[in-house]
Amino acid sequence: MSDDTPVLELKDVHVVHKARTGKLFRPDRVHAVAGVDMAVRRGETIGIVGESGCGKSTLAKVMVGLQAPTSGDVVFNGRSVLKRNARTRKEFGRAISIVFQDPSTALNGRMLVRDILRDPLDVHGIGSPRDREKRVSELLDLVGLPQSALDVLPSQVSGGQRQRVAIARALALDPDVIVADEPTSALDVSVRAQVLNLLTDLKARLNLGLVFISHDIQTVRYVSDRIAVMYFGKVVEEGMAEEVFDHPTNDYTRTLLGAAPTLL
Ligand SMILES: Nc1ncnc2c1ncn2[C@@H]1O[C@H](COP(=O)(O)OP(=O)(O)OP(=O)(O)O)[C@@H](O)[C@H]1O
């Protein structure tokens, strides 16, 4: 069951990017996120769905502090993280973590899995060297990898196992929330369901808030308790998953549902 108090809140968040190309007749700015309010609670999966370019990844980066909003606020445990209070920002950094789409680029290919998992503990100065070794081994157990995976490079395991390593790293600092941005899109279809089930299982076992981002509405349906549909930087519909799927109120949601032949 989710706790009703949000651990993370976005309040009227806007992000305006400088356009990547400054060609004639192209706008020089992109309003990637245009006034989003959202609340993330422990024990609940919120799915964010929308087509490519609607602002999902930008929103994910705002949630984990990798992208500053142009305006609006990000509130963690009732306190704004944008006001530069070092302690709040440090706590926020530990409490909210991210899993990216492609573990091949997200993980340092020259580090052993053991060092990849130890790194966040070292950076945050958590525990003694022995505690850290113990935690690294627990993390592998949590994501269902054998201890023999400790002494290999990411390139020496399969894509699904690599994403498990990335999930283990995201769990290292015992976060309150994991933001998973298209975490199965780069994986073979045959392992996608296993990774989705792992995330859902971890959410329940560790009472995490899970933000699950995908362009694929059926994948979002599979994992989410609540769903936010994004279109051109805005949330155009939000509600409990079954309500949004069974009784969509927005035309764009209906279009997404109508054009959703894929399963996972
Ligand atoms: N760093 C950036 N600089 C300039 N424009 C950007 C930047 N990041 C994203 N954009 C633009 O902002 C808009 C939203 O991009 P974003 O990646 O957030 O969307 P998305 O829904 O995650 O799409 P995708 O799944 O294709 O990544 C797009 O028009 C994109 O080109």
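User: What mean pLDDT does the protein chain have?

Analyst: This is a predicted model. The predictor scores its own confidence in each residue on a scale from 0 to 100. In this chain, 94% of the residues reach 70 or more. The mean pLDDT is 92.

User: How far apart are the end C-alpha atoms of helix α7?

Analyst: Helix α7 covers residues 189-206, which is 18 residues. At 1.5 Å a residue, the helix should span 26 Å. The model agrees with that: the end C-alpha atoms of α7 are separated by 26 Å.

User: Where around α7 do the buried residues lie, and over what arc?

Analyst: The buried residues of α7 are Arg192, Val195, Leu196, Leu199, Leu202 and Lys203. An α-helix has 3.6 residues a turn, so residues three or four places apart point the same way.

User: Which residue just after α7 takes a positive phi?

Analyst: Look just past the end of α7. The phi there is about 55°. The residue is Asn207.

User: Is Ile116 buried or exposed?

Analyst: Ile116 sits in helix α4 (residues 113-123). Count the other C-beta atoms within 10 Å of its own: there are 23. The cut-off for a buried residue is 20 or more. So Ile116 is buried.

User: Which residues are in contact with Ile116, leaving aside its neighbours within four places in sequence?

Analyst: Ser158 is 42 residues away along the chain, and its C-alpha atom is 16 Å from that of Ile116. The contacts of Ile116 are a separate list. They are Leu107, Asn108, Met111, Val165 and Arg169.

User: Which element supplies the largest share of the shell around the ligand?

Analyst: The ligand is surrounded by 14 residues, and the closest include His17, Ser52 and Thr58. The shell divides into 4 nonpolar, 8 polar and 2 charged residues. Both β2 (29-40) and α1 (56-64) supply at least two residues each. The largest share, 3 residues, comes from α1.

Definitions and conventions:
Residues are numbered from 1 along each chain as its sequence is written. This is a predicted model: local features need pLDDT of at least 70, side-chain atom pairs count only at pLDDT 80 or more; totals for chains, interfaces and linings use all residues. Helices (H or I, at least four residues) and strands (E, at least two) are DSSP runs, numbered from the N terminus. The expected span of a helix is 1.5 Å times one less than its number of residues. A residue is buried if 20 or more other C-beta atoms lie within 10 Å of its own, exposed if 12 or fewer, and partly exposed in between; C-beta atoms are placed from the backbone. Two residues are in contact if their C-beta atoms, placed from the backbone, lie within 7 Å. A residue is near a molecule or strand if its C-beta atom, placed from the backbone, lies within 6 Å of it. Ala, Val, Leu, Ile, Met, Phe, Trp, Tyr, Cys and Pro count as nonpolar, Asp, Glu, Lys and Arg as charged, and the others, Gly among them, as polar.
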